[in-house]
Amino acid sequence: MNKESNDFLHPRSRYYGNFTPENLAFNANLQEFAQKITYICSLETGGKISSERAYKEIKALWRQLKSSKKNLGIGEPPPENDSGNTLPE
């Protein structure tokens, strides 16, 4: 698959939030999640997969995204240094 068709099938939006490597990685995971949800909904709407299968696949994707958020530390307070102060982001 060439770059143009890959960009068409899997578009990525630019990230405008507070930049950290973790936020950028989570944003990429979130965009991939949204793209896969769109595919699953289209397959279910078109009668290619059952509602139950769509639900199970979406639930599995949600668990993966939730795990990604936890592993990347998104939404967690910043770590403290030895003196008890939070480290700058």
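Which residues are buried in H3? In this predicted model, the buried residues of H3 are Ala54, Leu61, Leu65 and Ser68, and the sections below place them within the rest of the chain.

## Overall fold

The secondary structure of the protein chain amounts to 3 helices and 0 strands, and the elements, read from the N terminus, follow the order α-α-α. Of the 89 residues of the chain, 17% count as buried, while the chain exposes about 7,300 Å², of which carbon and sulfur atoms supply 55%. Where contacts in the chain link residues at least 6 apart in sequence, 44% of them join residues at least 24 apart.

## Helix H3 and its two faces

Helix H3 covers residues 51-72. At 1.5 Å a residue, its 22 residues should span 32 Å, and the C-alpha atoms at its ends are 31 Å apart, which agrees with that expectation. The buried residues of H3 are Ala54, Leu61, Leu65 and Ser68. They lie on the same side of H3, because they cover an arc of only 55° around the axis.

These buried residues pack against H2, whereas the face of H3 turned away from the buried side carries the exposed residues Lys56, Arg63, Lys66, Lys70 and Asn71. An α-helix has 3.6 residues a turn, so residues three or four places apart point the same way. After H3 comes Gly73, which has a positive phi, near 75°.

## The nonpolar core

The largest nonpolar core is a set of 9 residues, namely Phe26, Phe33, Ile37, Ile40, Ile49, Ala54, Leu61, Leu65 and Ile74. Two elements, helix H2 (21-45) and helix H3 (51-72), each give two or more residues to this core, and H2 provides the largest share of it, with 4 residues. In soluble globular proteins, nonpolar side chains tend to be buried together.

Ile40, one of the core residues, illustrates the packing in more detail: leaving aside residues up to four places away in sequence, Ile40 touches Ile49, Ala54, Glu57, Ile58 and Leu61.

## Salt bridges

The structure holds 2 salt bridges. In one of them, Lys36 pairs with Glu32, and the closest N and O atoms are 3.0 Å apart. Both residues lie in helix H2, where they are 4 residues apart, about one turn of the helix. Lys36 is partly exposed, with a relative accessible area of 33%, and Glu32 is likewise partly exposed, at 34%.

A salt bridge also joins Arg53 to Glu57, with the closest N and O atoms 2.7 Å apart. Arg53 and Glu57 are 4 residues apart in helix H3, so about one helical turn separates them. Arg53 counts as partly exposed, with a relative accessible area of 46%, and Glu57 is partly exposed at 27% relative accessibility.

Notes. Residues numbered from 1 in each chain as written. Predicted model: local features only at pLDDT ≥ 70, side-chain atom pairs only at ≥ 80, totals over all residues. Heavy atoms only, no water. Buried < 20%, exposed > 50% of the residue type's maximum accessible area, 1.4 Å probe, protein only. Contact = heavy atoms within 4.5 Å. Areas by Shrake-Rupley, 256 points an atom, 1.4 Å probe, with all protein chains shown as cover. Core = buried A, V, L, I, M, F, W, Y, C linked by side-chain atoms within 4.5 Å. Salt bridge = Lys/Arg side-chain N within 4 Å of Asp/Glu carboxyl O. Expected span 1.5 Å × (residues − 1). Arc of directions from axis to C-beta.
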